[in-house]
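Q: Hi! I'd like to walk through this one with you, starting with side chains and then moving on to the fold.

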Amino acid sequence: MSLIKFLTSKAFFKQILIAVIAVFVLVYIILKWLNVTTNHGEFETVPELKGKSISIAEMELNDNHLVMQIQDSANYNPDYPKFSVIEQEPPAGSKVKENRKIYITLNPSGYRKIAVPDLNERTFRQAKPTLEALGFKVGKLTYVDNIAKDVVLKMQHKGEVLNPGDQLPKTSTIDLVLGNGNRP
């Protein structure tokens, strides 16, 4: 039997018709299965979690059939209570599928601690931007007799002398003892 005769035979057309019907039936079954397993058209709304505690956020997410995933805590934000949610992803009001992970960022209990730099024998003009860049505040300036004018002689925090490397919370106020340019 030649190829042309086979391609025009009833058996060939019958096999093509069976194959086409099988493909349509298979595609129909797969599409129906996907609609059932993916809950097509069914969504949960993400609640507003900002400013709420971990336990309340978890209860709200459980009520909406969503899963809470805590990300690393961010820098301390004094506008929010300690250990409350300060960011969430996806944002509130978003439509998501059931059991979707909602990523939240928590407010830590306080500012992180930073090592105090070595500013002894540096000028005030150098010391001030260094402290501010690290997140500290420059407090009271005290001048004592020393030939080096505006040179840092000591650093203090709440009346205690600081040594380089001491740990203080960010935004702490550091008082400086400077030379006034007069001979002792």
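Q: Which residue meets lysine 52 in a salt bridge?
A: Glutamate 60 does, with 2.7 Å from N to O. A salt bridge here is a side-chain nitrogen of Lys or Arg within 4 Å of a carboxyl oxygen of Asp or Glu. Before we go on: this is a predicted model, where local features need pLDDT of at least 70 and side-chain atom pairs count only at pLDDT 80 or more, while totals for chains, interfaces and linings use all residues. Residues are numbered from 1 along each chain as its sequence is written, and side-chain values use heavy atoms, with hydrogens and water left out.

Q: Thanks! What is the relative accessibility of glutamate 60?
A: Glutamate 60 is partly exposed at 21%, and lysine 52 is also partly exposed, at 26%. The cut-offs are under 20% relative accessible area for buried and over 50% for exposed, with partly exposed in between (1.4 Å probe, protein chains only).

Q: How many salt bridges does the structure hold?
A: There are 2. Lysine 128 and glutamate 132 form a salt bridge in which the closest N and O atoms are 4.0 Å apart.

Q: And how far apart are lysine 128 and glutamate 132 in helix α4?
A: They sit 4 residues apart, so about one helical turn separates them. Lysine 128 is partly exposed at 34%, and glutamate 132 is partly exposed at 44%. Helices (H or I, at least four residues) and strands (E, at least two) are DSSP runs, numbered from the N terminus.

Q: Switching to the inside: how many residues are in the largest nonpolar core?
A: It has 13 residues, and Phe136, Val152, Met155, Ile174 and Leu176 make the most contacts inside it. Such a core is a set of buried Ala, Val, Leu, Ile, Met, Phe, Trp, Tyr and Cys residues joined through side-chain atoms within 4.5 Å.

Q: Which elements each supply at least two residues of that core?
A: Those are α4 (124-134), β8 (152-157) and β11 (173-179). The largest share, 3 residues, comes from β11. Apart from this core lies another of 11 residues, including Leu49, Ala57, Met68 and Val96.

Q: OK, tell me about β11. How many of its 7 residues are buried?
A: 6 of them are, so to speak a mostly covered strand. Leucine 178 is in β11, and leucine 178 is buried with a relative accessible area of 0%.

Q: What does leucine 178 touch?
A: Leaving out residues up to four places away in sequence, its contacts include Phe124, Leu141, Tyr143, Asp150 and Val152. Contact means heavy atoms within 4.5 Å.

Q: Which strands pair with β11, and in what sense?
A: β7 (residues 137-144) pairs with β11 in the parallel sense over 6 bridges, whereas β8 pairs with β11 in the antiparallel sense over 4 bridges. Two strands count as paired if DSSP finds at least two bridges between them. Tyrosine 143 stands opposite leucine 178 in β11, and lysine 154 stands opposite valine 177.

Q: Now the open sheet of 3 strands. What is the strand order?
A: The order is β2-β5-β3, with mixed pairing. β2 (67-71) and β3 (85-89) are the edge strands, each pairing on one side only. On average, neighbouring strands are turned by 30 degrees against each other, direction ignored.

Q: Which helix packs on that sheet?
A: Helix α3 (residues 54-63), which touches β2, β3 and β5; its direction makes about 145 degrees with that of β2. Axes are lines fitted to C-alpha atoms, for helices over the stretch in contact, and angles run from 0 to 180 degrees between N-to-C directions.

Q: How many bridges join β3 and β5?
A: There are 4, and the sense is antiparallel. Glutamine 88 has isoleucine 104 in β5 as its bridge partner.
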